[in-house]
Amino acid sequence: MQEKTKVTFFGTEAAVPELGGETASFLINDEVMVDTGWNIVDNLRRQGIDPGSIRYLLFTHMHHDHYISLPSLLYYFLITNKDLSGLKILGPKEDLQPIMHHTLEFLFLNRKFYPDRNYPTIIPLSPGEAHEDDRFLLETTSSLHPVQALCYKYTDKQTGKTVTFTGDTAYHEPIIDLARGSSLLIHEATYGAIPANPQKNGGLHSSAMDAAEIAKAANVEQLALIHGLRHNNEASVKAAEAIYSGPVMWPAKDQTILL
Ligand SMILES: [Zn+2]
Ligand SMILES: [Zn+2]
């Protein structure tokens with residue numbers, strides 16, 4: 001039986017990563033992938049994980065930096081004869097179905113080339129909806145972002161640990177309720193130590209201080225900041241530590257956290 005809940009960060013950068021870097025994407029318990037980053041297949045193989053063994057792919061939202069390597073993961077399943085029907089793909093209802101439809105039917109996979117193959121199970125979620133598996137419970141709430149986006153709370157049924165993660169969002173109070181008491185909060189901090197200012201930096205993202213305010217109000221056990229520019233990481237952690245008294249980190253590429 002698995003004793004710890006495991007979170008492996010493949011990347012923590014925003015939009016276009018620096019050379020050798022990766023956008024925000026991570027893996028829970030070697031089977032639940034959150035967003036794809038630019039290089040999901042290589043990232044999984046580097047950890048010794050067969051990409052065809054992934055059981056769940058969760059999308060926080062359907063901005064391109066969060067799903068850009070989806071076609072390579074699906075193609076990996078097809079070309080290695082893995083059963084795609086074992087893969088469940090969850091994401092925000094408004095955008096998940098149209099994007100999956102285009103990815104599978106036309107724009108990339110050209111379904112007619114693979115007439116006899118199964119396809120993944122698509123599970124669209126609206127904010128507030130949940131999904132339960134024999135190994136975990138997933139609860140959701142909304143984000144504050146220009147497109148429909150979900151924040152998730154993953155409860156590990158084997159360890160009882162909870163991981164709440166935001167995807168992209170501006171400061172958004174409903175996240176406090178979702179994250180309350182979590183073992184780990186993974187919160188975006190695109191603006192780093194610079195306060196969010198809709199007139200100036202726009203885009204509906206968070207600063208490290210916004211993330212820290214959520215962590216403090218939700219009384220989480222630790223905070224991981226993601227989705228930012230690499231050179232801001234240290235200043236972001238410092239700015240968050242000034243507000244939230246628990247441990248704060250900006251995970252390194254391929255860093256694993258055990259809870
Ligand atoms: Zn993003
Ligand atoms: Zn976004």
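The buried residues of helix H5 are Ala 208, Met 209, Asp 210, Ala 211, Ala 212, Ile 214, Ala 215 and Ala 218, where buried means under 20% relative accessible area, exposed over 50% and partly exposed in between, with a 1.4 Å probe and protein chains only. Helix H5 spans residues 208-218 and is mostly covered, with 8 of its 11 residues buried; helices (H or I, at least four residues) and strands (E, at least two) are DSSP runs numbered from the N terminus. These buried residues pack against H4, strand S11 (184-188), strand S12 (223-226) and helix H6 (233-241), contact being heavy atoms within 4.5 Å. Just after H5, Asn 219 takes a positive phi of about 55°.

This is a predicted model, in which local features need pLDDT of at least 70 and side-chain atom pairs count only at pLDDT 80 or more, while totals for chains, interfaces and linings use all residues. Residues are numbered from 1 along each chain as its sequence is written, chains are lettered from A and ligands numbered from 1 in the order in which they are written, and side-chain values use heavy atoms, with hydrogens and water left out.

The zinc ion (ligand 1) has protein donors lying 2.1 to 2.3 Å from it, donors being N, O and S atoms within 2.8 Å of the metal (3.2 Å for Na, K and Ca); water is not among the atoms, so sites may look incomplete.

| Donor residue | Donor atom |
|---|---|
| Asp 65 | OD |
| His 66 | NE2 |
| Asp 168 | OD |
| His 227 | NE2 |

Asp 168 also bridges to the zinc ion (ligand 2), the two ions lying 3.7 Å apart. His 66 lies in the loop between strand S4 (56-58) and helix H2 (70-79) and Asp 168 in the loop between strand S10 (162-165) and helix H4 (174-179), so the pair ties together parts that are 102 residues apart in sequence. His 66 is buried, at 2% relative accessible area, and Asp 168 is buried at 2% relative accessibility.
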